[in-house]
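Trainee: Could we go through this model and check the labels against their cut-offs?

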Amino acid sequence: MPFKIDPENVSAELQLEIIEMQCSTHLKQLFLNSTKLDFYRALPKAEFPKIIAHAQKIMAVFASSYVYEQTFITMKLRKKSIRNRLTDEHLFALLNVASSQLEPAFENIMENQKQFHMSHTPNKAEPSNKS
């Protein structure tokens with residue numbers, strides 16, 4: 001809360017930028033009327049580089065904590081539903097898929113497949129055993 005903190009209570013490297021920020025009515029309105037992430041994105045980087053860097057560090061902690069919590073919840077649900085058949089390798093694969101931000105391109109995968117089942121692929125001609 002940069003507008004409620006006493007500049008004397010922050011580290012010396014941030015004090016000047018905090019004072020500058022608290023003197024700006026425009027920034028105070030922006031802080032009150034936008035999300036905290038949008039506020040820090042809108043700060044001029046040339047004027048507030050240390051505050052921006054500090055905010056990025058704090059936001060990164062919360063973002064990584066969220067990912068860990070979601071992964072842990074996923075692990076608990078998976079272990080509960082298939083507990084007796086789940087190996088460490090399976091659990092690792094499930095957690096990789098659950099925590100990934102990538103979206104599979106199913107259409108491209110399907111287009112690249114000529115046949116979908118191995119049972120439908122023609123076998124190589126086997127020599128006949130007519131002796």
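Mentor: We take the salt bridge, then the pocket.
Mentor: This is a predicted model, where local features need pLDDT of at least 70, side-chain atom pairs count only at pLDDT 80 or more, and totals for chains, interfaces and linings use all residues. Residues are numbered from 1 along each chain as its sequence is written, and side-chain values use heavy atoms, with hydrogens and water left out.

Trainee: What makes D38 and R41 a salt bridge?
Mentor: Their closest N and O atoms are 3.8 Å apart. The rule asks for a side-chain nitrogen of Lys or Arg within 4 Å of a carboxyl oxygen of Asp or Glu, so the pair qualifies. The structure holds one salt bridge.

Trainee: Where do D38 and R41 lie?
Mentor: Both are in helix α3, three residues apart, about one turn of the helix. A helix here is a DSSP run (H or I, at least four residues), numbered from the N terminus.

Trainee: Why is R41 called exposed, and D38 partly exposed?
Mentor: Exposed means over 50% relative accessible area, buried under 20%, and partly exposed in between (1.4 Å probe, protein chains only). R41 has 60%, so R41 is exposed. D38 has 39%, so D38 is partly exposed.

Trainee: Which element gives the largest share of the lining of the largest pocket?
Mentor: That is α4, with six residues.

Trainee: How do the lining residues of the largest pocket divide?
Mentor: Into 13 nonpolar, one polar and one charged. Ala, Val, Leu, Ile, Met, Phe, Trp, Tyr, Cys and Pro count as nonpolar, Asp, Glu, Lys and Arg as charged, and the others, Gly among them, as polar.

Definitions and conventions:
Helices (H or I, at least four residues) and strands (E, at least two) are DSSP runs, numbered from the N terminus.
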